Amino acid sequence: MKVMLVCNAGMSTGILAKKIEEASEGKLECKAYGEAEYLDHMDEGYQLILIGPQIRHLKGQIEESVDIPVDTIPPQYYGIMNGKAIFQEIQKKYNI
């Protein structure tokens, strides 16, 4: 499954994307982009977008711009960069 993380600029979320990918042990491919550029990458086959807590107010706008599920990253996992917990949430919600 290909997962895109979206935040303000994609910097710290890039680190989190690597941690989620590692925790998934090959089940997920995860990349991070800033809110200004995520649409430029939608043709790369992403199946899920997770947005950072700092831009959760944009969830509706992002949902309107794509045709894949959009969810938020729980702040308690984002703040401590807990890729394993985020992967477990993805597994539960999306049955992977």
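User: How many bridges join strand β1 to β2?

Analyst: This is a predicted model, and the values here are computed from it. Strand β1 covers residues 2-7 and runs parallel to β2. Within this pair, Leu-5 stands opposite Ala-32 of β2. The number of bridges joining β1 to β2 is six.

User: Which strands stand at the edges of the sheet?

Analyst: The sheet is open and has four strands with parallel pairing, in the order β2-β1-β3-β4. A strand with a single partner has one side left without a neighbour in the sheet, so the edge strands are β2 (29-34) and β4 (70-72).

User: Helix α1 lies across which strands, and at what angle does it run to β2?

Analyst: Helix α1 is made of residues 11-24. It lies across β1 and β2. Its angle to β2 is about 175 degrees.

User: Is Ala-17 buried or exposed?

Analyst: Ala-17 belongs to helix α1. Beyond its neighbours within four places in sequence, Ala-17 is in contact with Leu-5, Cys-30, Lys-31 and Ala-32. Its relative accessibility is 3%. The cut-off for this class is under 20%, so Ala-17 counts as buried.

User: Helix α4 lies across which strands, and at what angle does it run to β3?

Analyst: Helix α4 spans residues 83-94. The strands it lies across are β3 (48-51) and β4. Relative to β3, helix α4 runs at about 135 degrees.

User: At roughly what angle do the axes of α1 and α4 cross?

Analyst: Leu-16, Lys-19, Ile-20, Ala-23 and Ser-24 of α1 meet Gly-83, Lys-84, Ile-86, Phe-87 and Ile-90 of α4. These contact residues divide into six nonpolar, two polar and two charged. The crossing is right-handed. The two axes come within 8 Å, and their crossing angle is roughly 65 degrees.

User: Which residues does His-41 touch, not counting those up to four places away in sequence?

Analyst: His-41 sits in the loop between β2 and β3. It counts as buried because its relative accessibility is 18%. With residues up to four places away in sequence left out, His-41 touches Met-4, Tyr-33 and Tyr-46.

How values were computed:
Residues numbered from 1 in each chain as written. Predicted model: local features only at pLDDT ≥ 70, side-chain atom pairs only at ≥ 80, totals over all residues. Heavy atoms only, no water. Pairing = 2+ DSSP bridges. Helix = DSSP H or I, 4+ residues; strand = E, 2+ residues; numbered from the N terminus. Contact = heavy atoms within 4.5 Å. Axes fitted to C-alpha atoms, helices over the stretch in contact; angles between N-to-C directions. Buried < 20%, exposed > 50% of the residue type's maximum accessible area, 1.4 Å probe, protein only. Left-handed = near helix turned anticlockwise from the far one by under 90°. Nonpolar A, V, L, I, M, F, W, Y, C, P; charged D, E, K, R; others polar.
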